[in-house]
Amino acid sequence: MSNKMGLMGLTTIVTVNMMGSGIILLPSSLAQTGGIALLAWGITAVGALCIAYSFAKCGMYCQEDGGMSAYAQRAHAKSSFFIASYTYYVCLVISAVAIAVTSVGYLESFIPWLKQSSIHTFVGVVVVLVVTLLANMRGAKITGRISAITVWGVIIPVLGVSVIGWFWFDSKIFAEAWNPNNVSISTAMSSGIALTLWAFLGIESAGANSGAVENPKRNVPLACMLATVFSAVTYIASTTVIQGIVPNAELAKSDAPFGLVFAEMFDPTIGQIITAMAVIACIGSLLGWQFTNAQVSKAAADLKLFPKVFSDVNRFDAPVKGMLIMLALEIVLAVMTISPTLIKQFNVLVDLAVFINMVPYILSLTALGVILRQANVGESEYKVSIFVGSIAVLYSIYGAYATGQESIFYGTLITLVGYFFYGFIASRDAKPVSGPQG
């Protein structure tokens, strides 16, 4: 009897990886523009499907350690392995702070002290980051167990409001929230693209388990597509129905939109329960992302692309020193982005995270053609995959553009700093060239 995973099992895992906590604060962020920003979900859903399919193909035919970094190296040589690892690492540092900000937003309902000032909020963010880091020091087994339970804290509220929320939906409230700022469709779409794309981050892990799947050539791409469609439908339904239950002005300033909508639908007690579930989900998601980032830096250190300190592990096989460096970077970032409102801080972090994550996306997705040719796939499979992959790359470029000038400016600087670091790595590994020079 095969111990390999079937289509349904893989689809479930990809869905859980994707949903995480990305959706938890989005209704409030989208409400800054109004219901018209929901149009961005259409473009994002198509783009995410193309990205999922392309990464699934990369994962099927390139099973070397390193994920996106290994894909990128196939087409862009060794420097791209480093840049993909480096930018993904930075993206996950930013994402961790954004999730911690989300956690504090939901915790404010239980600990009012957190919203008394931006300094109090900052203290809350740091405490959340430290607590999850301490849990990760016990190794992968504990992290996996906790994450498997906590993810239901986001799935239940989001699925719940998507299904039953329509009984409370008021078309008049939705119409009033459609375009309160009278922005153009293109402006609304651009403002929503980065936010909606944030909800799909994690899609890059889709093809990572192909070796443990029955009939991977069929099931890996299919599971990626099914998981992305399910997540997209759930995201669109939940954010739309909330816009028709909670008045836009109230939603836009909420730090706990899912708790707010359940309080409107039922009563404040139910709202508090949902808020508590969201806190649990955010902490679990943060736990998972911090663990992932520690492993990303350890893998790069094992290949001598990151400093050796990142590969040092404790008796639980957890790279503790690398985790402490990561925590220091997260705290510095939390200080740099501190804002009077959590929504503003969240949006700044999301835009920057999405832009930087598009760097490894584009590097790895543009290697799809090389990977397929080296795998000697049939011409029909090659043409379909390249067509879908081209849409994925163009969408990723548009996603980077949609994050705005400030994110592009700082994200580009961060990426260029990576090339500065790589110069030292390349010179360390350089060999003397024999024969006369010049």
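Visitor: Which residues is leucine 39 in contact with, leaving aside neighbours within four places in sequence?
Guide: Leucine 39 is in contact with Trp178, Ile185 and Met189, once those neighbours are set aside. Contact here means heavy atoms within 4.5 Å. This is a predicted model, so local features need pLDDT of at least 70 and side-chain atom pairs count only at pLDDT 80 or more, while totals for chains, interfaces and linings use all residues. Residues are numbered from 1 along each chain as its sequence is written, and side-chain values use heavy atoms, with hydrogens and water left out.

Visitor: Where does leucine 39 lie?
Guide: Look in the loop between helix H2 (26-31) and H3. Helices (H or I, at least four residues) and strands (E, at least two) are DSSP runs, numbered from the N terminus.

Visitor: What does leucine 39 count as by relative accessibility?
Guide: Leucine 39 counts as partly exposed, because its relative accessibility is 35%. On this scale, buried means under 20% relative accessible area, exposed over 50%, and partly exposed in between, with a 1.4 Å probe and protein chains only.

Visitor: And what separates the C-alpha atoms of leucine 39 and phenylalanine 387?
Guide: These two are 348 residues apart along the chain, and their C-alpha atoms are separated by 24 Å.

Visitor: OK, on to H3 and H9. At what angle do they pack?
Guide: Helix H3 (residues 40-61) and H9 pack at about 45°, and their axes are 8 Å apart. That angle makes H3 oblique to H9. Angles under 35 degrees count as roughly parallel, over 145 as roughly antiparallel, 65 to 115 as roughly perpendicular, and the rest as oblique. The axes are lines fitted to C-alpha atoms, for helices over the stretch in contact, with angles from 0 to 180 degrees between N-to-C directions.

Visitor: Which residues meet there?
Guide: From H3 you have Ala40, Trp41, Ile43 and Thr44, and they meet Met189, Gly192, Ile193, Thr196 and Leu197 in H9. By class, that contact has 6 nonpolar, 3 polar and no charged residues. Ala, Val, Leu, Ile, Met, Phe, Trp, Tyr, Cys and Pro count as nonpolar, Asp, Glu, Lys and Arg as charged, and the others, Gly among them, as polar.

Visitor: Is threonine 196 buried or exposed?
Guide: Threonine 196 is buried, at a relative accessible area of 0%. This residue lies in helix H9 (residues 185-198). Beyond four places in sequence, threonine 196 is in contact with Leu26, Leu30, Ala40, Trp41 and Thr44.

Visitor: What lies 3.0 Å from a polar atom of its side chain?
Guide: The backbone oxygen of isoleucine 193 lies 3.0 Å from a polar atom of the threonine 196 side chain.

Visitor: New topic: at what angle do H7 and H10 cross?
Guide: Helix H7 (residues 152-164) and helix H10 (residues 216-243) cross at roughly 65°, and their axes come within 8 Å. That makes H7 roughly perpendicular to H10. Val158, Leu159, Val161 and Ser162 of H7 make the contact with Phe230, Thr234, Ala237, Ser238, Val241 and Ile242 of H10. The residues there are 7 nonpolar, 3 polar and no charged.

Visitor: Where is glycine 165 found?
Guide: Glycine 165 sits in the loop between H7 and helix H8 (171-176). This glycine is buried, with a relative accessible area of 0%. Not counting residues up to four places away in sequence, glycine 165 touches Gly160, Val241, Ile245 and Met265. The C-alpha atoms of glycine 165 and methionine 265 are separated by 7.6 Å, although the two are 100 residues apart along the chain.

Visitor: Which residue has a positive phi of about 70°?
Guide: That is alanine 77, which is not a glycine. Most residues other than glycine have a negative phi. Alanine 77 lies in helix H4 (residues 68-107) and counts as partly exposed, at 45% relative accessibility.

Visitor: And what phi does asparagine 376 have?
Guide: Asparagine 376 has a positive phi of about 55°, and it is not a glycine either. You'll find asparagine 376 in the loop between helix H16 (368-374) and helix H17 (379-402). Asparagine 376 is exposed, with a relative accessible area of 68%.

How values were computed
Polar contact = N/O pair within 3.5 Å; in protein donor to acceptor, adjacent residues only side chain to side chain.
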